[in-house]
Each structure stands twice: as C-alpha cells, then as structure tokens.
Amino acid sequence: MPIPQKITNKVLECRLAKKWSQLELAKQVGISRQSLISIETGNTLPRMDVALRLAAAFGVRAEALFFFEEETSEIQATLAAESKLVADRETRVVLGEVGARWVAHSIPVREQNILADGFAQKGVSHSRKINVELVGNLESTRKQLLVMGCAPALGLLAGRLAREPEGIRLAWIQGSSLRALEALRRGEVHMAGIHLFDESSGQYNTPAVRKHFPKQKMLLFNFVSWEQGIVVAPGNPLKIRTLLDVCRPKIRFIAREAGSGAQKLFERLLSNQRIRMSEVTNFKQVARGHMEVAHAVAVGGADAGISIRAAALAYGLDFIPLSQERFDFVFPQEMANDLRVERLVDILRSRAFRREVDAMGGYSTQHVGQQLGETPGA
C-alpha cells in the first residue's frame with residue numbers, strides 16, 4: 001500500500017475550540033503569528049519541537065494534531081435548493097462546508113468568469129445528494145466562505161480576501177436579499193448579504209433577520225451603504241424625473257426579482273403614491289442584480305430601472321436618487337470566531353479596502369466592518 005503524501009493538521013480547529021487568538025497561541029508556543037498562520041494553512045510543516053509544544057498547549061498527542069491524510073478526489077454534497085444539474089453534461093459547481101455537510105451551488109452557464117470547485121455528475125439527480133469530483137484539494141476547498149447577496153462590491157471583497165496568506169476564499173453567489181436569508185436558514189451559505197427596510201419600525205435588516213431566525217442568535221456587520229434610485233440613459237432623453245414617470249405606458253422599465261431590496265423599495269414607493277403593481281403593465285423585464293439593470297439600460301434594452309449609483313457610474317448612466325440604504329452581512333453568532341469571518345472583518349476594517357470602495361464611487365464606507373445589530377435568539 002502506498003504511503004499517503006499529504007500531511008494535514010488540526011491546529012486551527014483546536015485553536016478555535018479553545019477560543020484563542022492566533023497571537024495568544026503563538027506566544028504560548030514561542031513562534032511568530034505569521035509562522036502560526038503558515039502552519040494552520042498547511043503551507044509549513046513545523047519542526048518537531050514546535051509540533052510537540054503545540055500538542056502540549058492543546059493537551060493532545062502530536063500524532064493527533066498532525067497526521068497523514070489520503071487525497072480525496074470525490075465527495076458527496078447537498079445540492080442547494082435553487083441549483084439545478086445540466087442534463088447532458090457535467091455541471092460546474094462551487095462548494096462550501098457549512099456545518100457538518102458539503103453544499104454545492106451550480107454555476108449558471110452565463111457566469112463564465114467563475115471558477116469551479118468541482119464537477120457534478122452528468123444527468124438530473126432525483127435526490128439532492130450528489131457526487132462531486134473536486135478540482136482542487138479538499139483542505140483548500142474547506143477554507144471557502146459561501147456568501148449570497150447582490151452587492152457588486154462583493155467581487156472586490158473576494159479579491160482582497162484571496163490575497164491573504166491563509167488561503168481563504170469567498171465564493172459570491174448572486175441572489176436577492178430574501179433569497180440570501182432563505183439560503184442561510186437552509187444552511188446552504190455561511191453568510192447572507194441583505195438590504196431590507198422595515199417600514200413599521202423604520203429599521204434596516206434586523207427585523208427581517210429576527211423574522212427568519214426567531215430562535216437563533218444572529219449578528220449583523222455592515223458592508224457598505226449606497227444610494228438606490230432610477231438609472232436612465234446618459235442625458236436622460238426621456239425626461240424621467242420621478243417614480244411616476246417610469247409608469248408612463250411607453251417607458252420600458254426593467255424590474256428586479258421578487259424579494260430583492262430594490263424591488264421592495266420600488267413597490268413601497270409606488271404604494272406611497274397609491275399605485276398598485278397590478279395597475280402597471282409595462283414592467284415585463286426582470287433583472288437578477290444591480291449591474292444587470294444598468295447593463296440593460298446601457299445597451300438600450302430598457303429605458304429605466306431601479307439600481308444603485310455605483311452601477312450607474314460603472315455604465316456611464318444618469319441617476320435619480322430615491323433612497324439611502326444599508327447593506328449588511330448576516331451570520332450565526334457561533335461563526336464570529338471562525339478564522340474566515342475574522343479575516344473578512346479585518347479586511348472590511350482595513351484602510352486599503354475602504355479607500356478602494358470609496359474610489360469606485362456610489363458607496364459609503366462610514367460604518368463598514370462595524371457590528372450594527374444582533375438578534376437575541378431563543
């Protein structure tokens with residue numbers, strides 16, 4: 001029998017169980033924090049004396065902390081509720097270990113810039129349990145955060161996180177605020193990105209989280225704030241000035257999907273004008289994200305739509321502001337000490353990230369990285 005070549009370790013898992021910071025453990029063992037990071041990520045195999053001191057710190061034997069592991073080329077995963085397999089060929093998927101199970105999200109065919117973590121079996125499965133052939137190694141894939149949301153700047157955050165030495169990655173799954181909360185509740189993602197206003201309380205996001213997770217303690221950290229409004233062609237040739245103007249019969253309006261913060265804003269403002277959605281007949285197109293709305297207007301596929309100022313700037317469109325909104329990350333309280341979440345929050349709070357977001361235009365980073373709410377749970 002061949003000897004397995006990969007040596008893995010449980011240093012990170014044991015440190016998180018002890019609720020120690022990297023600096024605390026590094027001081028106990030007598031190494032630098034950077035050396036500990038390299039050990040935790042598997043990039044460095046420690047000297048025998050360091051391995052023994054690490055084992056002593058956790059009260060375990062060294063062989064229980066460092067051990068050989070066979071490379072895994074295939075795993076069983078649960079296919080996310082809104083994902084589908086392609087019938088006549090393998091399906092590209094992104095993977096994440098959420099709780100005690102692997103979750104697979106199919107990559108839409110149009111998303112050709114997203115790299116796959118694996119390939120799901122050919123043909124339609126009658127079960128949500130599927131076999132996935134891995135592209136990379138299991139430990140690397142295990143470091144990935146699954147985040148669903150509609151903020152375009154999530155791509156920027158994913159890029160920043162990928163530069164960190166720990167090898168942590170963020171897989172951005174496009175989805176509306178309500179879809180993101182529902183995926184989080186089903187245990188299909190680690191985090192949900194939402195911007196939902198509750199008219200009865202005048203609060204953002206917390207009421208919606210409390211409704212979806214009445215018995216679980218959840219934390220809300222700010223990502224960005226933005227202006228939402230109407231995007232129109234450069235120079236506004238159709239003279240669209242107010243929300244009522246987009247209801248004109250000849251205006252081709254592109255709506256957002258049900259459950260999105262943008263669509264809820266639109267419906268709320270129409271309701272304030274005593275206009276029912278059923279009375280408006282020219283809203284035939286539906287977009288899945290802010291950039292998709294802006295793109296449709298930019299190429300002449302629509303005359304107007306609800307999006308964010310950053311999307312209007314990206315496509316050189318005119319923008320009519322309607323509302324200032326807050327986009328937050330939501331995740332279970334028990335994930336607060338997860339290394340992946342710690343690094344994500346560190347990046348949010350970094351000067352470099354804030355400068356880059358500010359330079360893009362259309363965003364406010366005043367509260368980025370701050371905990372702005374929590375739900376009490378049961």
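Val345 touches Phe221 and Gly369, leaving aside neighbours within four places in sequence. The model is predicted. Val345 sits in helix α13. Its relative accessible area is 9%, so Val345 counts as buried, the cut-off being under 20%. Take Ser364 as a distance check. Val345 and Ser364 are 19 residues apart in sequence, and their C-alpha atoms are 17 Å apart in space.

Now turn to the nonpolar cores. The largest holds 46 residues. Within this core, Leu157, Phe223, Phe329, Leu344 and Phe353 touch the most other members. The elements giving two or more residues include the strands β8 (144–149), β13 (218–232) and β17 (318–332). The helices are α7 (154–162), α11 (290–298), α12 (309–315), α13 (339–349) and α14 (351–360). A second, separate core has 22 residues, among them Val98, Val103, Ala183 and Ala208.

Not counting residues up to four places away in sequence, Phe329 touches Val147, Leu154, Leu157, Met191, Ala192 and Gly193, among others. Its contacts also include Leu219, Leu220, Phe221 and Phe223. Leu344 and Leu348 belong to the list too.

Next comes the barrel. Five strands close it, in the order β3-β5-β4-β6-β7, with mixed pairing. From one strand to the next, the twist averages 50°. How do strands hold to each other in general? Strands of a sheet pair through backbone hydrogen bonds, parallel or antiparallel. Here β3 (residues 74–79) and β7 (residues 129–134) pair in the antiparallel sense, over five bridges. Thr78 has Lys129 of β7 as its bridge partner.

How values were computed. Residues are numbered from 1 along each chain as its sequence is written. This is a predicted model: local features need pLDDT of at least 70, side-chain atom pairs count only at pLDDT 80 or more; totals for chains, interfaces and linings use all residues. Side-chain values use heavy atoms; hydrogens and water are left out. A nonpolar core is a set of buried Ala, Val, Leu, Ile, Met, Phe, Trp, Tyr and Cys residues joined through side-chain atoms within 4.5 Å. Buried means under 20% relative accessible area, exposed over 50%, partly exposed in between (1.4 Å probe, protein chains only). Helices (H or I, at least four residues) and strands (E, at least two) are DSSP runs, numbered from the N terminus. Contact means heavy atoms within 4.5 Å. Two strands pair if DSSP finds at least two bridges between them. Axes are lines fitted to C-alpha atoms, for helices over the stretch in contact, and angles run from 0 to 180 degrees between N-to-C directions.
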